[in-house]
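Biologist: Could you walk me through this one? I'd like to start with the ligand and then look at some helix packing.

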Amino acid sequence: MSSRRIFLSLSQQSGLEQKYIQEALDSSWITSGGPNVDEFENKLENYFDNEFLVTALNSGTSAIHLALILLGIKAGDEVICQSMTFSASANPIIYQGATPVFVDSELDTWNICPEYLENAIVDRIQKGKKPKAIIAVHLYGMPYKVDEIHAIADRYEIPVIEDSAEALGSNYKGNKCGTFGTFSILSFNGNKIITTSSGGALISKSNDLKEKAKFYATQSKNNTVHYEHSEIGYNYRMSNICAGIGLGQIQILNRNIVARRENHLFYKELLKDIEGVKLFEASSNYYYSNYWLNTILIDTNKGKNVSRENLRIAFDQADIETRPLWKPMHLQPVFEKYPYYGCTVSEDLFEKGLCLPSGANLSSEDKKRIEKVIIAFFD
Ligand SMILES: *Cc1c(COP(=O)(O)O)cnc(C)c1O
């Protein structure tokens with residue numbers, strides 16, 4: 001047994017995080033908001049070529065919730081959501097008392113399928129309720145079919161919340177993920193491309209919306225000396241300490257993307273001649289993925305004991321963490337009563353798919369251990 005467990009996606013530090021955290025401690029600004037938060041927002045806005053406004057929040061989930069609030073989603077409304085995703089994409093729909101309508105994936109990007117999306121919209125309208133928003137996700141860093149999805153959203157005049165939690169650094173036809181939605185969101189959770197330990201951001205297109213997001217995120221406190229509230233608020237702002245970590249992290253964003261894309265090339269080379277395994281890759285050069293996680297599909301071969309679960313166990317026995325793909329939301333006990341449009345694309349992906357270690361700090365030693373398991377398993 002090897003000395004150290006290899007995890008799916010651990011964060012990598014730049015070494016600069018300490019300095020910013022120390023500054024926050026020294027200034028006693030140990031609260032939500034503050035100089036590091038402003039600076040972190042600036043750095044993110046620079047990353048998006050200063051064409052978008054960024055509000056730093058305490059999580060990506062909060063960012064999705066605020067996007068729904070800013071779009072005026074209320075109890076009884078319907079919101080379309082990609083079924084194959086992390087539950088954080090869908091939970092905020094319920095927070096608003098709205099109804100999620102789940103849509104299947106397509107096989108090129110594993111993200112929301114344009115045909116089923118349009119079927120869902122048409123059918124909901126026929127049933128008397130036009131969906132108020134669409135939540136589309138760039139899963140594992142792979143951009144969704146941006147042109148197709150937004151053409152449909154535009155045609156029916158439905159705003160899109162772009163869940164770019166896993167896709168900072170990815171782009172579609174040269175345009176950065178995080179810039180396509182009416183609102184877009186990022187996550188800086190510990191396992192994402194860069195981290196603030198816990199954190200997220202809402203990306204919007206006007207200063208008014210940024211101010212409104214900050215307002216809701218700080219308990220909707222009116223601009224008065226005493227505490228005056230005319231709307232329900234939330235405690236969603238990023239802390240100054242967390243933003244300090246973010247300031248250290250954003251300096252190695254590009255390095256992290258390069259490292260993750262190199263991991264992808266490692267898996268491509270390793271798996272190229274192995275039958276029954278398919279590495280998930282960009283289906284054309286429109287899609288530039290940060291390869292946040294590398295994922296494979298395994299054809300079950302009963303005679304040879306080859307299955308997703310057996311491979312996962314083989315990795316685990318070598319102290320290597322792997323995980324099944326996200327289990328689709330329409331299969332989740334908590335969501336199964338809601339409408340679903342699609343067939344079995346996301347279900348099949350879930351049955352056959354495995355996420356492989358993909359952290360930016362994966363060493364050549366780690367890669368040798370991973371290679372050993374793969375070679376032995378498929379031998
Ligand atoms: C991580 C993640 C989120 C939520 O981010 P948190 O910062 O953990 O709240 C939302 N959507 C997807 C697809 C994610 O992977």
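**Ligand and helix contacts**

Modeller: Let's start at the ligand: one of its oxygen atoms sits 2.5 Å from an N or O atom in the side chain of threonine 61. This is a predicted model, where local features need pLDDT of at least 70, side-chain atom pairs count only at pLDDT 80 or more, and totals for chains, interfaces and linings use all residues. Residues are numbered from 1 along each chain as its sequence is written, and side-chain values use heavy atoms, with hydrogens and water left out.

Biologist: How far is an oxygen atom of the ligand from an N or O atom in the side chain of serine 187?

Modeller: For serine 187, the distance is 2.7 Å.

Biologist: Are α1 and α8 roughly parallel or roughly antiparallel to each other?

Modeller: The axes of α1 (residues 17-26) and α8 (residues 240-250) come within 7 Å and cross at roughly 155 degrees. Angles under 35 degrees count as roughly parallel and those over 145 as roughly antiparallel. So α1 and α8 are roughly antiparallel.

Biologist: And which residues in α12 does α10 meet?

Modeller: Contact means heavy atoms within 4.5 Å. From α10, the residues are Asn310, Leu311, Ala314 and Phe315. In α12 they meet Ile370, Val373, Ile374, Phe377 and Phe378.

Methods:
Axes are lines fitted to C-alpha atoms, for helices over the stretch in contact, and angles run from 0 to 180 degrees between N-to-C directions. Helices (H or I, at least four residues) and strands (E, at least two) are DSSP runs, numbered from the N terminus. Angles under 35 degrees count as roughly parallel, over 145 as roughly antiparallel, 65 to 115 as roughly perpendicular and the rest as oblique. A polar contact is a pair of N or O atoms within 3.5 Å; within protein, one must be able to donate a hydrogen and the other to accept it, and residues adjacent in sequence count only if both atoms are side-chain atoms.
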